[in-house]
Amino acid sequence: MSDVPALRIEDLAQLSGATVRTIRAYQDRGLLPRPERRGRANLYSDAHLVRLRQIADLLDRGYTLASIKELLEAWDAGRGLGGVLGLVAEVDGPWSDEAADRISRAELEERFGGTPDDAAIADAVELGVLEPVPGDEDCFLVPSPQELAVAVELQAAGVPLSAISGHLRELRGQVEHIAARFLEFTTEHVFARYLDGPHRPTDADAAEAASLVRRLRPLAQQTVDAELARAMRLLAVRHLRQHLGTGVGTPQRSSSRSVSLPEETIRAVEGLVGAEDVAEFIALAAEREVRARRLDALTSKRLPPANLDEQV
């Protein structure tokens, strides 16, 4: 490392490529150590120049200033940046194989029916479905083309864009809760040994944790996909029955009335299917019995008289 003499902030800015304003902002954020005070002058050293180059390198890799601060604190605590950078890269990297895309304002309007809707675009930008491209007000980055495609299909099916935005806000809160629970679960059972020990993780610990993140990353989405499919199948059938009556696929007049059942019958059904499914089980059982009797009646009409006599 070259021997750089004490520097004024203007000299440090020239050598590092950062502006004076940026250097002061880094100091305020705790990213850069304070300069040495000599009389009325603030003087910087070679260590400040190295730190500015580290920050610039991490910014080029896509890290946020908050993440960079944590990494540099790890460095200052005596740990190498290699393992920590690997761990942060895994956590901060993409959690989906989906590639971002770009779309022009004209293409966007065409996909949504050809009518400009600035309020809907503003909503999409606020939600992160669209991201403005700096210097090009007629172009947007689409982080998730699949999510945009869903909105297009829903709007084509007759769902207002304002309703789609509201649904996404509600859904996002629920999904973030699921993600938080998955992180709590894996932290408790997998990562606690790396995070909760008396000492900070070593480079080897960080590298092993990064490998675990890489292996566990797809599990959250796979679990949610499987459970969503199960729930949709179950709830869609219930929803369809409610709207079509007891015969799924055949519109019928629907009616309901209260029927008293023995307590022991209710308890027995709860033991079979759980309390939340008692009503559906009893309704389906009654429906099956009615259908069976109807089938018996239809069959008996086709039997010859001799066979009927034998059955009697």
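So, which order do the 3 strands of the open sheet take? They run S3-S5-S4, and the pairing is antiparallel. Quick caveat before I go on: this is a predicted model, so local features need pLDDT of at least 70 and side-chain atom pairs count only at pLDDT 80 or more, while totals for chains, interfaces and linings use all residues. Residues are numbered from 1 along each chain as its sequence is written, and side-chain values use heavy atoms, with hydrogens and water left out.

Back to the sheet. Strand S3 (101-104) and strand S4 (131-133) are the edges, each pairing on one side only. On terms: strands are DSSP runs of E, at least two residues, and helices are runs of H or I, at least four residues, all numbered from the N terminus. Two strands pair if DSSP finds at least two bridges between them. S3 and strand S5 (residues 136-142) have 4 bridges, in the antiparallel sense, and Ser104 stands opposite Cys139 in S5.

Now helix H8, residues 145-156. Its 12 residues reach 16 Å from first C-alpha to last, close to the 16 Å expected at 1.5 Å a residue; that expected span is 1.5 Å times one less than the number of residues.

What's buried on H8? Leu148, Ala151 and Val152, where buried means under 20% relative accessible area, exposed over 50%, and partly exposed in between, with a 1.4 Å probe and protein chains only. Looking down the axis of H8, those buried residues fall within an arc of 100 degrees, so they line one face of the helix. The arc is taken from the directions from the helix axis to the C-beta atoms. On the other side of H8, Gln146 and Glu153 are exposed. And just after H8, Gly158 takes a positive phi of about 110 degrees.
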